Amino acid sequence: MTPIEPRPLSEQVVLVTGAGGGFGEGIARHVAAAGARVVVADLRAEQAQRVATDILAEGGRALAVAMDVTRADGWQALVERTLAQWDGIDSLINNAGTTHRNQSMLDVDEATFDRVYATNVKSLYWSAQSVVPVLRRQGRGGAIVNIASTAAARPRPGLTWYAGTKGAAVTITKAMAAELAPDQIRVNAINPVMGETGLFGDFLPGENTPAVRERILATIPLGRFSRPLDIARACAFLVGPESAFITGVAMEVDGGRCI
Ligand SMILES: NC(=O)c1ccc[n+]([C@@H]2O[C@H](COP(=O)([O-])OP(=O)(O)OC[C@H]3O[C@@H](n4cnc5c(N)ncnc54)[C@H](O)[C@@H]3O)[C@@H](O)[C@H]2O)c1
């Protein structure tokens, strides 16, 4: 097996799912600013287009693709549109995700459970089915980053089924890293602590009041919520050459929450 050095971001094509808002938007903007060609994939077509248009206006390179990460045809469209525009795929950031409200595990209905597992776990299956064959065919290695959560490492009451999806994401990350290492495809996960994105209200154990926020902040040693740029910097590291020898890790980006 010949080791392959990861390309610098400026030479990479990076797919980012859920890039129409929240962490994904921050990730797409950050890797585009580093020179990567970025595919901004999201269920919300107009939001994906907004982010891609902004990146282009700032002199970056971006392509918006409306797709559903839970569906095979969404992934097929994503891969086809990317390969029609650019010369291959270097990295994939599986960021799209969802949750149930913070509530008793017994109050989460079956449809919600299925939606959360489809979005957070089945998406990883389809992403592998669609993107890994392309990476293998290219023969130049690659990187995959799965956005999991501190909920995988330190589950707390109220988000039981969501935490389960993120635990699955971490184990799948490690298993994929072991299986894909012979292809020089690195697979890592990031565990963010709570950030004020679209999912914030559902994660909170109660109303979004100063008292509830303070309770959460008190559990984060560095004293603030995560920001999209925190997650984006970790992603840039994990897909770029500086992490060439890192695979199969679940990296907390959490201000010390999981200590
Ligand atoms: N915000 C947090 O506190 C936090 C903490 C830990 C982990 N995470 C994880 O970070 C990731 C990003 O979440 P966020 O906080 O930015 O949320 P968000 O809701 O702000 O953004 C999620 C994006 O994913 C898109 N999306 C949802 N379902 C999709 C689907 N089926 N197909 C394609 N796109 C879809 C949405 O349209 C949205 O643009 C998720 O995996 C989430 O579980 C978030």
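**Pockets, ligand and cavity**

Author: The largest pocket has a volume of about 1,200 Å³, a volume being the space filled by probe spheres set on grid points that are joined across faces, edges and corners. The model is a predicted one, in which local features need pLDDT of at least 70 and side-chain atom pairs count only at pLDDT 80 or more, while totals for chains, interfaces and linings use all residues. Residues are numbered from 1 along each chain as its sequence is written, and side-chain values use heavy atoms, with hydrogens and water left out.

Reader: What makes a space a pocket, and what makes it a cavity?

Author: Both are found on a 1 Å grid over the protein atoms alone: a cavity is a set of points where a 1.4 Å probe fits but cannot get out, whereas a pocket is an open set with protein on both sides within 12 Å along at least five of seven lines, and lining residues have an atom within 4 Å of a point. The largest pocket is lined by 47 residues, and T98, Y162, T197, L199 and F203 lie nearest its centre. Elements giving two or more residues to this lining are α1, β2 (37-42), α4 (110-138), α5 (150-153), α6 and α8 (210-217), where helices (H or I, at least four residues) and strands (E, at least two) are DSSP runs numbered from the N terminus. The largest share of the lining, three residues, comes from α4.

Reader: How do you know which space the ligand takes?

Author: A molecule sits in a pocket if more than half of its atoms lie within 2 Å of the grid points, and the space taken by the ligand is the largest pocket.

Reader: What makes a residue part of the ligand's surroundings, and how many are there?

Author: A residue is near a molecule if one of its heavy atoms lies within 4 Å of it; 29 residues surround the ligand, the closest being F23, D42, Y162, G195 and T197. Both α1 (22-33) and α6 (160-180) supply at least two residues of this shell.

Reader: Which residues line the largest cavity?

Author: A search of the whole structure finds one cavity of 30 Å³ or more, and the largest cavity has a volume of about 70 Å³. Its lining includes T17, V69, N94, N95, A96, N120, S123, L124, N146, I147, K166 and A169.
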